[in-house]
Amino acid sequence: MTDFAVKGWCPGALRPMVSGDGLVLRIRPRLAELTADQMRGIAEAALVHGNGIVELTARANVQLRGVTEASHAPLLAALDRLGLLDPDAQSESHRNVVLTPFWHGAEVEKLARDLYAALRKGPDLPGKFGFALDLGPERLLAGTSADIRIEAGRKGLILRADGAVGGQAVSAAEAVPLALEMAEWFLATGGAPGGRGRMAAHLARAVLPFDASQAPAPLAPTPVPGPRGDGCLIGFEFGILRAEVLAALADLAPMARVTPWRMLWLNCPSVAAQPGLITAGDDPRLRVFACTGAPGCPQALQATRGLARRLAPEVPVGKVLHVSGCGKGCAHPGRADLTLSATPRGFALLPQGRAGELGPVLAPADITFETLRKAL
Ligand code: SF4
C-alpha cells in the first residue's frame, strides 16, 4: 500500500497539475532548445503569472509553479507567443520525448521532428510513457526515464525497448516507424492495463518481437557543470532557479539546451560563479536530490530541501543522498546510496534503498552528519 496518490501522468502547459502552491505547468521545449528570447519570455511569465520559480525536471522539461486558475490563460497566451505551446493537450502529452542536449546535425533534428510528428498522430500511450533520443556521440540518457530508446549502438543506431539489454539495428529512416510499431505492440499485448504501464515492467511478462541482439554503446558518465563543447553546463540547486537568474543567463547566451540532469547547457564559453548557480563539477549540492516536499506538495509528509541542504556538505564524493517528501520518490525514482523517505513520524533511513521502502525512522533534527557517516 502506498501513502501517496499515483497520478500516472505528468503535467503539461495545457493540462497543469494542482499542487500545494498552486498549479504546476510543464513546458516541453522542442529539440531540448530555448532561444534567449524564449528564456526571457519564460522568466517574465514565471514572474507575472507564477511565483517566480523555474524548475528543471528529470525529463528535461521546464516547470513553472504557483500559477492560479486566473493566471493560467494569460500564461498560455504568453507561451504561445514564444512558440512553446502545442496545438492541444493531447498533442502535448504525446510529445513525451527526451533528446540528448548535446545533439547536433540535420539528421538528428529530422529524426526528432519526425518522431514529434508521428507521436501527434500516434497511439494513446500512458501519460508517463516516453521516448529517448540518445543520439549524441556518447550514450548519456540510460538513466533518464524512457520506454523506447533510439540510441547509439556499438556499430550504429539501435532501437531498444527499455529493460532489454540490446536493441535492433536501424537506419535513420527506419527508426521512427519502428519505434511507433514497438509502441503499438506494447499496447496490443496488454502493456497498459487501465491506461498505465511501462515498458520495462511489460518485458518481464511479454516476449518482445524485435531483435535485441545489438549492444548499446558504452554509457558515458553523467556530465557535470563546466565547459562542454562550444558552451558550458550550469547546474542549479535541486534544479531550481529564480526567474531573474534565467533572464540574466539569456543575456549571456543566445541559446540554451535543457538537460535531464538539473542543468542547462548554454551556448557561451563560461558563466561567472554567482548565488544560485552551480559552476563547479565538485559542488556537493550535485550529490543531493530533494523533491518539493512540504509545504509545496500536498502529498508531502515532511519538508525536504532544508534537510538536504544541511546534509549536502557531508555527502562523500561519488555518493548520492536522496531526501523524499513521501514514498513516491519524484526527485530520484531509483535507488540512492542513502534515501531518506518521509513518514508521518520522520524519515525512514534507507541505505542503498529507494523512497517508499521501510527502515528505521528518525526525526529530521536527529539526522546528523554522524548519521550520514554511518550510513554511507
Ligand atoms: S515525492 Fe515529493 S514531490 Fe513527489 S509526491 Fe511525494 S512529496 Fe510530493
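**View 1. Phe129, Phe131 and Phe186 come together as one aromatic cluster.** This is a predicted model, in which local features need pLDDT of at least 70, side-chain atom pairs count only at pLDDT 80 or more, and totals for chains, interfaces and linings use all residues. Residues are numbered from 1 along each chain as its sequence is written, and side-chain values use heavy atoms, with hydrogens and water left out. Rings of Phe, Tyr and Trp (its six-membered ring) pair if their centres lie within 6.5 Å; planes under 30 degrees apart count as stacked, over 60 as edge-to-face and the rest as tilted. By this rule there are 3 aromatic pairs.

**View 2. Phe102 and Trp261 make a stacked aromatic pair.** Their ring centres are 6.0 Å apart, with 25° between the planes. The pair links distant parts of the chain, 159 residues apart. Look for Phe102 in the loop between strand E6 (97-99) and helix H4 (106-120), and for Trp261 in the loop between strand E14 (255-258) and strand E15 (263-266). Helices (H or I, at least four residues) and strands (E, at least two) are DSSP runs, numbered from the N terminus. Both Phe102 and Trp261 are buried, where buried means under 20% relative accessible area, exposed over 50%, and partly exposed in between (1.4 Å probe, protein chains only).

**View 3. Phe129 and Phe186 form a tilted pair.** The ring centres of Phe129 and Phe186 are 4.6 Å apart and the planes meet at 45°, so the pair counts as tilted. Because Phe129 lies in the loop between H4 and strand E7 (131-134) while Phe186 lies in helix H5 (residues 172-188), the pair ties together parts that are 57 residues apart in sequence. Phe129 and Phe186 are both buried.

**View 4. Two arginines lie over ring faces.** A charge sits over a ring if NZ of Lys or CZ of Arg is within 6 Å of the ring centre and within 35 degrees of the ring normal. Arg95 lies over the face of Tyr116, at 5.4 Å from the ring centre. Phe102 has Arg228 over its face, at 4.2 Å from the ring centre.

**View 5. Helix H1 (residues 36-49) meets helix H7 (residues 243-250).** Their axes (lines fitted to C-alpha atoms, for helices over the stretch in contact, with angles from 0 to 180 degrees between N-to-C directions) come within 8 Å and cross at roughly 165°. H1 and H7 are therefore roughly antiparallel; angles under 35 degrees count as roughly parallel, over 145 as roughly antiparallel, 65 to 115 as roughly perpendicular and the rest as oblique. Contact (heavy atoms within 4.5 Å) involves residues including Met39 and Ile42 of H1 and Leu246 and Ala247 of H7.

**View 6. H4 and H5 run roughly parallel.** The axes of H4 and H5 come within 10 Å and cross at roughly 25°. Among the residues making the contact are Leu111 and Leu115 of H4, and Val176 and Leu180 of H5.

View 7. Most residues other than glycine have a negative phi, and most peptide bonds are trans. Yet the peptide bond from Ala294 to Pro295 is cis, with omega near 5°. Arg262, in the loop between E14 and E15, has a positive phi of about 60°, and Arg262 is buried, with a relative accessible area of 12%. Gln352 also has a positive phi, of about 55°, but Gln352 is partly exposed at 47% relative accessible area.
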